[in-house]
Every structure is written in structure tokens, then in C-alpha cells.
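Please open the model in your viewer and keep the selection panel at hand. The tour below moves from one selection to the next and says what is there.

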Amino acid sequence: MTGVPRPRRLALISVHTSPLAQPGTGDAGGLNVYVWQTARRLARRGIEVEIFTRATSSSDEPLVEAAPGVTVRNVVAGPFDGLDKRDLPGQLCAFSAGVLRAEAAHPRGYYDLIHSHYWLSGQVGWLARDRWQVPLVHTAHTLAAVKNTSLADGDTAEPMGRVIGEQQVVAEADRLIANTRAEASELVEFYAANPAKIDVVVPGVDLDCYSPRPRAQARAALGLDPDDVLVTFVGRIQPLKAPDVLLAAAAPLIRADPTGRLRLLIVGGPSGTGLERPTALADLARDLGVADRVTFLPPQAPVDLANVFAASNLVAVPSYSESFGLVAVEAQACGVPVIAADVGGLGVAVRDGVTGRLVAGHDIDVWTRELKAMLDDPAGLERYAAAAPAHAQAFSWEHTVDALLTSYGAAMAGFPRRSPLGRRRRGWLKPRPRMAG
């Protein structure tokens, strides 16, 4: 890193979900894990990290020393609860004011760089960038125009307001972080991003937490039957993540299982449009006649989640859209094969035919056939399981932070320092490209 600028102090913005929230609940998921893991590791490298997030409880302290070198600022913006993510654009003014006031209490130049996560944060980061005169690095995590091309049946499309908001952030950010080359291409195709300012930074996995361990030991820790054949889903319970596809595909196999040992394990909580029918998945299991062979667990802390993975014979990630697919890598790090939809970053997260299988589309019959083929081949599952940890080793958070620091350095080196009034309003001097999706 010699000769490459690096920030002394980083303002990290995550408006809609706190890195301290339990993944799998509400809107908390892979983004939370990403923010928390990278913040801790950046701090270990001598960078002070301040994370701005929206307070969701009156008991949230304004400042939380979350880890050595990592401070979480809980900004009051709107009601503490009952506010859906879709309602948050109306609170961005209040949130932005809280961010700007925090900086105003310090000497000029307190922050060296802003890294925003998700489009809501990008809108705040854009304003702060122009006010503070420091570069803005942005990670989208998910893209509305991409999600809208592959909606689950009955799911709600992302609103045009979000698409436009993402377009604005893409145009304004000094550097864009994409999780995969596929996402980088989507930024160019759907949002007319400048390829020269996109950096591909693959997310990581906590290899200290997620590692192989005896299946019997993991099942004993969770109180699961040692003789069951366990297919597991981990994630937010919402149409986008497609747990219903897995359940419908597995149901005929469960009903036909002569041993009565095949079981589904569903780990997570309702989120997004899934909150409209929080019992829908349990109702579907009952309607399909397999409720007695489906176990539901709430979201798990990392150490317990590692046991969930290790206890499984197979982990399924049937999502309609995934910018990366962190669950798939965490499962493989625990030595468990994965069956996943061939969408987004899952083609990078899973090595098809080596650590698991990728399935084209979401046709229930196709998923049933693929599940049956894998479960009917225990030797094949063992081969996948043996190869999985080595594949996961390529995805470490240290590698992620190395790449982030390179991107930060490029943003700082190329940042044009000039007064806000003299700053060119990029992206507004020519007509916007017509949005796809």
C-alpha cells in the first residue's frame, strides 16, 4: 500500500439497518455482516471508523463504542419503530441533518472519506461529500432495476423513486464498489455507470467463526436428530429469497421418503413483503402435508449459525436475486455443499459441480429433480463437502479490506478538491439515459 493514500478517519453510512442488528431479522442481512466485518478490520489497521445508522429504539445510545476503533452513531430520524424501509426516503432530510451536525462538532477535515451502503445511504453520502469536500465511495448491495427483472410471483416491484435515487448516486459517487464482475456489468448496463470508476471487491466470510466441525457435535448443540437428512435454508423470510420454492420442491421428496428422515430446516424471520403474511411459509408446509418435517428456527447468532450449517447435509439458496450470496460461502466454509439459484453473485459464491450445484430458474419441478439427484448421491455430497472449505478460503474479509483500501486510495488520489459552489454537478449536464427494468 506504499504511496497509496489511505483515510485516517472513515464515515461509514448505513441508514436503514444497523451493523449491530441480528442478521435475518427485519431488514438485517448480508449488508449488516459486510459493514460490521469490514469496519472492525479497517479499525485494526489503524483507521478510525464511525458508522452512522438510524436509531430504531429510544434506548439506543447516541454513541456506541462497538469495537476498538469502531463507533456507531445512532441518528434519530423519524419514529423509532413501525417505519418500513420503503418509508425511509421521507426521513433522509432528518438523517442527513444528524450526520452533518456530528461532523460540524469537529474541526474541519475530520473525516477523510465517506463509504455509503445501499442507495438510501448514498443519497446522504452525496450531500455530505459535497459539504465536507471528501470523496464518496458507494456500495449498492442490491439494485432495483436488476431486482425488477426477476421478481418472485406476487412480489412487489421496487418503486421508480428508488431506481432514480440509485441513478443519482451512481452518477455522483467518486468510486463504486461492485461485489462481482456481473454486478459491475449491471451498473453499466442498467445505470450507465462509468466503468473506469467501478472496483470489484468480493465480500468475505469470517473464517474463524465458520469452519468445519463434526456434524453430530453441531446437531447435539442444536438439539437436532443425529439421523435426519437435513436440507437447510438460512435468510430473511420474504419472496425475494424464495424459501417457498425450496419448500414446494422438497415436499414431494419428503412425502415419498421411505425412511421418514428427510427434513427441512428454515432459519430466519419475516422481512420486506414477507411481513404482510408472516405465517405464509408455515401455512404452505401444512397445505403441502409436510409440516411435521419442517423445523423453523429464529435468526441465529454467528456461533450458532455455524452449527446450523455444520449440522446440515445440504444448504439451499434459491433466491431470485443475490448481489453475492454470503450464506452460500458461510455454509461452504463449514464444509457443507450448496444448491443455489444461478443468479447474481451466486455463480461466484458456488463452484458449480465442485462444491455444489447451480440451478437455472425457479421451476419447482426442476428444483425437485436437482434436490433428488443430490440427496440420492451421498458420495457426491461428500465430494462437494470435501471441496467446499478450500473454495471458501478464497473469500476472507482480510482480502476484502485489502481491496477496499485500494479503492479508497484511488478515490482520495483522484478527488477534485474545490468549493461546493464551484463543483461541477456531474450527471446533470446531459440527458439521463433511459432506465432499464
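What covers the buried residues of α5? The cover includes α3 (119–132), β6 (136–139), α4 (144–147), β7 (175–178) and α6 (181–191). Before selecting them, note that this is a predicted model, in which local features need pLDDT of at least 70 and side-chain atom pairs count only at pLDDT 80 or more, while totals for chains, interfaces and linings use all residues. Residues are numbered from 1 along each chain as its sequence is written, and side-chain values use heavy atoms, with hydrogens and water left out.

**Helix α5**

Select residues 160–172, which form helix α5; helices here are DSSP runs of H or I with at least four residues, strands are runs of E with at least two, and both are numbered from the N terminus. From its first C-alpha to its last, α5 reaches 18 Å with 13 residues, close to the 18 Å expected at 1.5 Å a residue, where the expected span is 1.5 Å times one less than the number of residues. Ten of the 13 residues are buried, so α5 is largely enclosed by the rest of the structure; buried means under 20% relative accessible area, with a 1.4 Å probe and protein chains only. Among the buried residues of α5 are Arg162, Glu166, Val169 and Val170.

Next select His138, Ala140, Leu143, Glu166, Val169, Val170 and Leu187, which line the largest cavity. On a 1 Å grid over the protein atoms alone, a cavity is a set of points where a 1.4 Å probe fits but cannot get out, and a pocket is an open set with protein on both sides within 12 Å along at least five of seven lines; lining residues have an atom within 4 Å of a point. The structure holds one cavity of 30 Å³ or more, and about 40 Å³ of space lies in the largest cavity. Helix α5 gives the largest share of this lining, three residues.

**The second largest pocket**

Move on to Asp153, Pro239, Asp244, Arg277 and Ala280, which lie nearest the centre of the second largest pocket among its 22 lining residues. The elements giving two or more residues to this lining are α8 (243–256) and α9 (280–287), and α9 provides the largest share, five residues.

**Arg73**

Finally, select Arg73 in strand β4 (residues 70–75), where this residue is buried, with a relative accessible area of 15%. Leaving aside neighbours within four places in sequence, the contacts of Arg73 (heavy atoms within 4.5 Å) include Glu50, Phe52, His106 and Tyr111.

Note on methods: Buried < 20%, exposed > 50% of the residue type's maximum accessible area, 1.4 Å probe, protein only. Points joined across faces, edges and corners; volume = space filled by probe spheres on them.
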